[in-house]
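Please keep the sequence and the structure in view as you read.

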Amino acid sequence: MAANESIDPNQPLEYQSAEGKNNILGFWIFIGAEFALFSTLFASYFVLVDRNASAITSAELFDLNLVLAMTFLLLTSSFTAGIAIHEMRAGRVNRMLIWIGLTLLLGLGFLGFEIYEFVHYAHEGATLSASAHWSTFFVLLGTHGLHVAVGVGWMAVLAIQIKMRGLTKRTTSKFFIASLYWHFLDVIWIIIFTGVYLLGMEWM
């Protein structure tokens, strides 16, 4: 009972239950573990970035227009996810679902470009076995892409739950956590864009 009395009804719905608060706190801890994972992948990439053997170089392959398109799609999807949260807190379910749908489309567009990029690179001879540089590149980018795919599936399932059950303390806390995950992937992509692509194009 004391826990219920401490709940502020003026808080967003996702924070109006002890379960919701604990889940959100637990997810922040999970994000810390994810940062550790990607930090390890980034460290491996930067240590081996010059180990290219006789393979084609990233400067010869990286396409700025393609990378900018991917960046635009992912960053815009973070914006639409934020609007979905705004609509959720305003209690407008249908508008929220529209913005979730746009987020999913943008995420799928990003994945489509990334798959095209990987296939193109492989066709040009840049594969996992081509060199240490390309091995760490594909592991890093592939891990991020896998996370994006998980995020797309996660949000799609939550959209179905919200459509069927409406906005409850449980569904809102779930979607809020999913949106945090999505924003985290954007942060990782910004680091990839700057540290992998721009440096790989020898702009620095």
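Phe 184 counts as buried, because its relative accessibility is 4%; buried means under 20% relative accessible area, exposed over 50%, and partly exposed in between (1.4 Å probe, protein chains only). Phe 35, with a relative accessible area of 36%, is partly exposed.

A word on the background: this is a predicted model, in which local features need pLDDT of at least 70 and side-chain atom pairs count only at pLDDT 80 or more, while totals for chains, interfaces and linings use all residues. Residues are numbered from 1 along each chain as its sequence is written, and side-chain values use heavy atoms, with hydrogens and water left out.

**Aromatic pairs**

A pair of aromatic rings is described by the distance of the centres and the angle of the planes. Rings of Phe, Tyr and Trp (its six-membered ring) pair if their centres lie within 6.5 Å; planes under 30 degrees apart count as stacked, over 60 as edge-to-face and the rest as tilted. By this rule the model has 22 aromatic pairs. Two of them are set out here:

| Pair | Centres | Planes | Type |
|---|---|---|---|
| Phe 35 and Phe 184 | 4.9 Å apart | 85° | edge-to-face |
| Phe 62 and Phe 137 | 5.7 Å apart | 35° | tilted |

Phe 35 sits in helix H2 and Phe 184 in helix H7, so this pair links parts of the chain 149 residues apart. Helices here are DSSP runs (H or I, at least four residues), numbered from the N terminus. Phe 62 belongs to the loop between helix H3 (58-61) and H4, and Phe 137 to helix H6, so their pair ties together parts 75 residues apart in sequence. Phe 62 is buried at 8% relative accessibility, and Phe 137 is buried at 0%.

Ring pairs also link residues into a cluster, whose members include Phe 62, Phe 118, Tyr 121, Phe 137 and Tyr 197.

**The core**

Which residues touch Phe 137, leaving aside its neighbours within four places in sequence? Among them are Tyr 45, Glu 117, Gly 142 and Val 196, where contact means heavy atoms within 4.5 Å.

Key
Helix = DSSP H or I, 4+ residues; strand = E, 2+ residues; numbered from the N terminus.
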